[in-house]
Amino acid sequence: MLLPANDIILFLAFAALTGLTLWLMLRPLHAGSRAAEADIGNSEVALYRDQLEEIERDLDRGIIGAAEAEAARIEVSRRLLAADEERTRMRRDGTADPRWRKGTALFLVLAVPALAIAVYLAEGSPGMEGRPFAERMNVPPEELPLEGLVLRIERHLKKEPDDLRGWELVAPAYLQLGRFEEAANAWSRAMMVGGVTPGRLAARGEARVMADDGIVGPAARRDFERAVEIDPQEPRAQYFLGAAELEAGNRDAALERWKGLLASAPDNASWAAALRARIAAVERGPAISNVDEPMIRGMVEGLAARLAEDPDDLDGWLRLIRSYRVLNEPAMAREAVAGARAAFSGDEAALARISLAEESLSD
């Protein structure tokens, strides 16, 4: 969602003020670190001076000769001069002028609030009446945006976790917002509270398909199969089971299932027209229709590119393997298996899931 221009300007202005304030506050700390480094330089200077005195004592005791003593003096003196120069530089850089510190404090106390007020008066909405968050949420549901409605339901469900109606309302909302895993979890909670029904199973299966980038995975398929065991006419479950058959290359089985569903559909079924169009597309094309194949390929290419940059996404690798299976590209699927194994070479649990995905390639 794009922000209005005034909101962007206001955000950038406050961000700049925050950055300036932090810089002014941290500068004395940086200077303090330089002073600490200068103290370390004092120790090095003292060390090299002790070494020079030690050389003279060794020479007097006859431990070293005059030539060795001279060479040692030159080397230690060189290090002493270098350490002294570094110590002087650190002290110069780390010394803070008290007047500068007072000026900084005065600037922070006066200038920053003044700048913030000026920016808000120019770009903000000082005349707008303040409304606490609770009050903004306390409006009729139809006046709330979808995100606000979901937040209200979530707050209610924290207090009333056994409210079946709340779970059945929030689950489709999660789906609309693209929060697919949460939608599936919400349908699970609905079934815990209100029992298992074909509609709830099919809805959870659909959420799982969406979370899996449109692939009918094992968990989703189990939901759809359980749904049609209870009600063979459950349309959503029958549709996705046909999609799973199509993904597996069973074009005729998918068409038979969909045509049977269409034949038993009520006259006013809202999904009938879309299903007729899908049947026609599949009958005109190969196992995957021409319309579906570019969509799947685009998704696969994007997923493969993302995994090349971020190989630590196990679920992404599993989706990539399944997607290549759908596209009937076993060689690419096995390359994806190899890539996944390389990325998770030390993770036994991950390798077990990858092996299961590889086994599905021979189905």
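Predicted model: local features only at pLDDT ≥ 70, side-chain atom pairs only at ≥ 80, totals over all residues.
Visitor: Why is R322 called buried?

Guide: Its relative accessibility is 14%, and the cut-off for buried is under 20%, so R322 counts as buried.

Visitor: What makes R322 and D212 a polar contact?

Guide: Their side chains come to 2.5 Å. The term asks for a pair of N or O atoms within 3.5 Å; within protein, one must be able to donate a hydrogen and the other to accept it, and residues adjacent in sequence count only if both atoms are side-chain atoms. Beyond its neighbours within four places in sequence, R322 is in contact (heavy atoms within 4.5 Å) with D212 and I215.

Visitor: Where does R322 sit?

Guide: In helix 14, residues 314-326. Helices here are DSSP runs of H or I with at least four residues, strands are E runs of at least two, and both are numbered from the N terminus. The protein chain has 16 helices and zero strands.

Visitor: How do you know that the span of helix 14 agrees with what it should be?

Guide: The expected span is 1.5 Å times one less than the number of residues. For the 13 residues of helix 14 that should be 18 Å, and the end C-alpha atoms are 19 Å apart, so the two agree.

Visitor: What makes helix 14 "mostly covered"?

Guide: Of its 13 residues, 11 are buried, among them W317, L320 and Y324. At the start of helix 14, a side-chain oxygen of D313 reaches to within 3.4 Å of the backbone nitrogen of D315. Just after the helix, N328 takes a positive phi of about 60°.

Visitor: What covers the buried residues of helix 7?

Guide: The cover includes helix 6 (164-176) and helix 8 (198-211). Among the buried residues of helix 7 are W187 and M191.

Visitor: Why is the pair E283 and K259 called a salt bridge?

Guide: A salt bridge is a side-chain nitrogen of Lys or Arg within 4 Å of a carboxyl oxygen of Asp or Glu. The closest N and O atoms of E283 and K259 are 2.6 Å apart, so the pair meets that limit. This one links distant parts of the chain: E283 is in helix 12 (residues 272-284) and K259 is in helix 11 (residues 251-263), 24 residues apart.

Visitor: How do you know that E283 and K259 are partly exposed?

Guide: E283 has a relative accessible area of 40%, and K259 has 42%. Both values lie between the 20% and 50% limits, so both residues are partly exposed.

Visitor: What makes R251 and D252 a salt bridge?

Guide: Their N to O distance is 3.9 Å, and the limit is 4 Å, so the pair counts. R251 is partly exposed at 24% relative accessibility, whereas D252 is exposed at 59%. A search of the whole structure finds 15 salt bridges.

Conventions
Residues numbered from 1 in each chain as written. Heavy atoms only, no water. Buried < 20%, exposed > 50% of the residue type's maximum accessible area, 1.4 Å probe, protein only.
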